[in-house]
Amino acid sequence: MRIVDALPELQQAVLRMRHIDELEVQEIAQLTGSNPEAVRMNLSRARRKVKEIFLKSER
């Protein structure tokens, strides 16, 4: 969770809503006031950053 806390606020929110709250992309878009494509983009960026930070910490 420390890695997620290091993400920008919007990326934290969409990542938590998708993977913890198990909301669909459309639901997240409605809650954040954005469109589904923007949600997908933020999810992708957040996942990539989490992976990057995790792999660096494993070294």
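A helix here is a DSSP run of H or I that is at least four residues long, and a strand is a run of E that is at least two. Keep that in mind as we go. The model is predicted.

Let's start with the overall fold. The protein chain has four helices and zero strands. From the N terminus on, the order is α-α-α-α. Now the dimensions. Along the principal axes, the C-alpha atoms fill a box of roughly 40 × 20 × 15 Å. The protein chain has 59 residues, and 25% of them count as buried. Its accessible surface is about 4400 Å². Carbon and sulfur atoms account for 51% of that surface.

How much of the contact set links residues 24 or more positions apart? Take the contacts with a separation of 6 or more. Residues 24 or more positions apart make up 42% of those.

Next, the core. The largest nonpolar core has 12 residues in all. Among them are Val4, Leu7, Val14, Leu15 and Met17. Leu23, Val25, Ile28 and Ala29 also belong to this core. So do Val39, Leu43 and Ala46. Which elements give two or more residues to this core? They are H2, H3 and H4.

Look at Val14, one of the core residues. Leave out residues up to four places away in sequence, and Val14 touches Ile28, Thr32, Asn42 and Leu43. Ile28 and Leu43 are in the core list too.

Now helix H3, residues 25–32. Its buried residues are Val25, Ile28 and Ala29. Why do they line one face of the helix? Seen down the axis of H3, the buried residues fall within an arc of 100°, so they line one face. On the other side of H3, Gln30 and Leu31 are exposed. What covers the buried residues? The cover includes H2 and H4.

Just after H3, Gly33 takes a positive phi of about 75°. Is Gly33 buried or exposed? Its relative accessibility is 68%, and the cut-off for exposed is over 50%, so Gly33 counts as exposed. Here is a distance to go with that. Gly33 and Ile53 are 20 residues apart along the chain. Their C-alpha atoms are separated by 28 Å.

Back up one loop. Glu22 lies between H2 and H3. It is not a glycine, although its phi is positive, at about 55°. With a relative accessible area of 62%, Glu22 is exposed.

Last stop, Gln12. Gln12 lies in helix H2, residues 9–19. Buried or exposed? The relative accessible area of Gln12 is 16%, and buried means under 20%, so Gln12 is buried. What does its side chain reach? It reaches the backbone oxygen of Asp5, at 3.1 Å. Again leave out residues up to four places away in sequence. Gln12 then touches Val4, Asp5 and Leu7. Val4 and Leu7 are members of the largest nonpolar core.

To recap: four helices, zero strands, and a largest nonpolar core of 12 residues.

Terms used. Residues numbered from 1 in each chain as written. Predicted model: local features only at pLDDT ≥ 70, side-chain atom pairs only at ≥ 80, totals over all residues. Heavy atoms only, no water. Buried < 20%, exposed > 50% of the residue type's maximum accessible area, 1.4 Å probe, protein only. Polar contact = N/O pair within 3.5 Å; in protein donor to acceptor, adjacent residues only side chain to side chain. Contact = heavy atoms within 4.5 Å. Arc of directions from axis to C-beta. Core = buried A, V, L, I, M, F, W, Y, C linked by side-chain atoms within 4.5 Å. Areas by Shrake-Rupley, 256 points an atom, 1.4 Å probe, with all protein chains shown as cover.
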